[in-house]
Amino acid sequence: LPKLRTTSFGRRLTLLDVTDSTQNELRKLAEQGAPEGTLVIAEQQTNGRGRMGRSWVSPAGKGIWMSLLLRPPVPLPLAPQLTLLAAVALSRAIAQQLPMLEIGIKWPNDLLVGGKKISGILLESAAEDERLSYVVVGLGISANLDVEDYPEGLMDKAISLKIASGATVDRSELIAAVLEQFEQLYKLYLEQGFAPIRTLWEARSVTLGKQTELYTPQGTVVGLPRGLDDMGGLRVELPDGSTRTVYSAEVGSGT
Ligand code: BTN
């Protein structure tokens with residue numbers, strides 16, 4: 001990564017041609033004591049993982065499939081904040097590299113262009129005594145996928161940066177930008193807490209202020225998302241005027 005301007009993020013790098021999932025590779029390194037900022041990038045994943053047990057399409061040479069190791073000194077219940085931080089970092093990096101695209105964040109961390117998903121984030125963590133011992137942040141950016149790379153039907157809700165912008169993306173430049181934004185925001189978070197991250201997230205959100213269906217493990221919630229709470233949950237105004245905070249859910253289409 002010739003253009004890297006970070007101090008620790010991406011400074012230890014494993015670059016693989018093919019792997020099942022960069023999450024698995026990095027988790028092994030984490031268990032062996034790898035330091036914060038360690039990065040695994042793969043050209044292709046044969047078993048890429050998405051959120052909610054879904055799979056993630058990761059064809060060779062077409063995208064950015066990578067996992068970054070964090071060792072945040074924070075209690076386990078604050079892990080959702082890091083998910084939101086990752087979304088802000090990624091959106092800022094893409095906006096910087098591709099200023100013609102308007103990027104919105106769908107809660108908690110899908111990045112959308114024109115309502116279609118361009119990247120996904122998956123956090124997997126390990127904890128000891130209710131504190132995070134490490135977090136494996138999986139970042140998948142559909143950079144240069146072409147129409148024929150998408151399985152039947154997926155393009156109804158997903159798109160690549162190349163298709164959206166009309167130009168091939170320089171992947172190493174985008175990776176460097178992501179790592180730089182991520183390191184900056186992570187430092188800010190460690191120094192000042194979640195408040196500044198929360199403001200940045202809210203400013204880029206496409207979820208707030210629109211009637212939304214949220215499929216939580218406890219059932220469907222329909223209401224108006226108003227903002228985040230201190231922990232990173234989504235505050236939803238219900239039809240009866242009361243507020244409910246949702247910490248884990250699938251966001252359905254706005255109604
Ligand atoms: C989602 O939106 O469901 C999250 C997708 C996360 C995909 C990335 S690609 C790199 C890393 N390795 C994986 O197996 N998944 C994440």
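**Entry 1: the model.** I am working from a predicted model. I looked up the secondary structure and found 5 helices and 12 strands in the chain.

**Entry 2: two exposed loop residues.** I began with the loop between β6 and β7, where Glu130 has its place. Is Glu130 buried or exposed? Glu130 has 8 other C-beta atoms within 10 Å, so it is exposed. I then looked up Asp129, which is found in the loop between β6 and β7. Asp129 counts as exposed because it has 7 C-beta neighbours inside 10 Å. I also noted the backbone angles here. Asp129 is not a glycine, yet its phi is positive, about 50°. Glu130 is not a glycine either, and its phi is positive at about 65°.

**Entry 3: overall dimensions.** I checked the extent of the chain next. The C-alpha trace spans about 55 × 45 × 30 Å along its principal axes. A compact globule with 255 residues would have a radius of gyration near 18 Å, and the chain has 18 Å, so the two agree. Of the 255 residues, 40% count as buried. I also looked at contacts in the chain with a separation of 6 or more: residues 24 or more positions apart account for 65% of them.

**Entry 4: the nonpolar core.** I wanted to know which residues touch the most other members of the largest nonpolar core. They are Met66, Leu68, Leu85, Ala87, Leu90, Leu139 and Val178, out of 62 residues in that core. Helix α2 (residues 79-97) gives the most to this core, with 10 residues. The core draws at least three residues from each of domain 1 (13-204) and domain 2 (212-254). As a general remark, nonpolar side chains in soluble globular proteins tend to be buried together.

I followed Leu139 further. Leaving aside neighbours within four places in sequence, Leu139 is in contact with Ile64, Met66, Leu68, Leu90, Ser119, Ile121 and Val178.

**Entry 5: two domains.** I looked up the domain assignment, which gives domain 1 (13-204) and domain 2 (212-254). Taken over C-alpha atoms, the centres of domain 1 and domain 2 are separated by 23 Å. How many residues of each domain are in contact with the other? I have 13 residues of domain 1 in contact with 11 residues of domain 2. On the side of domain 1 that touches domain 2, the elements giving two or more residues are α2 and α5 (195-204). The largest share of that side, 4 residues, comes from α2. By class, this side of domain 1 divides into 8 nonpolar, 2 polar and 3 charged residues.

**Entry 6: Gln96 in α2.** I stayed with helix α2, where Gln96 is found. Gln96 has 14 C-beta neighbours inside 10 Å and therefore counts as partly exposed.

**Entry 7: Val40 in β2.** I turned to strand β2 (residues 39-45), where Val40 is found. Val40 counts as buried because it has 27 C-beta neighbours inside 10 Å. Leaving aside neighbours within four places in sequence, I found Val40 in contact with Thr14, Leu16, Thr22, Glu25, Leu26, Met66 and Ser67. Arg226 is 186 residues apart from Val40 along the chain, and 36 Å separate their C-alpha atoms.

**Entry 8: a cis bond.** I looked up the peptide bond from Trp107 to Pro108 and found it cis, with omega near -5°. Pro108 lies in the loop between β4 (103-106) and β5 (110-113).

**Entry 9: around the ligand.** Which residues come nearest to the ligand? I have Ser21, Gly50, Gly120, Gly138 and Gly140, of the 20 residues around it. The elements that give two or more residues to this shell are α1 (22-31), β3 (64-70), β6 (116-128) and β7 (131-141). I sorted the shell by class and found 6 nonpolar, 10 polar and 4 charged residues.

Key. Residues numbered from 1 in each chain as written. Predicted model: local features only at pLDDT ≥ 70, side-chain atom pairs only at ≥ 80, totals over all residues. Near = placed C-beta within 6 Å. Nonpolar A, V, L, I, M, F, W, Y, C, P; charged D, E, K, R; others polar. Rg over C-alpha atoms; globule rule 2.2 N^0.38 Å. Buried ≥ 20, exposed ≤ 12 C-beta atoms within 10 Å, placed from the backbone. Contact = placed C-beta atoms within 7 Å. Core = buried A, V, L, I, M, F, W, Y, C linked by C-beta atoms within 7 Å. Domains from an automatic or database assignment.
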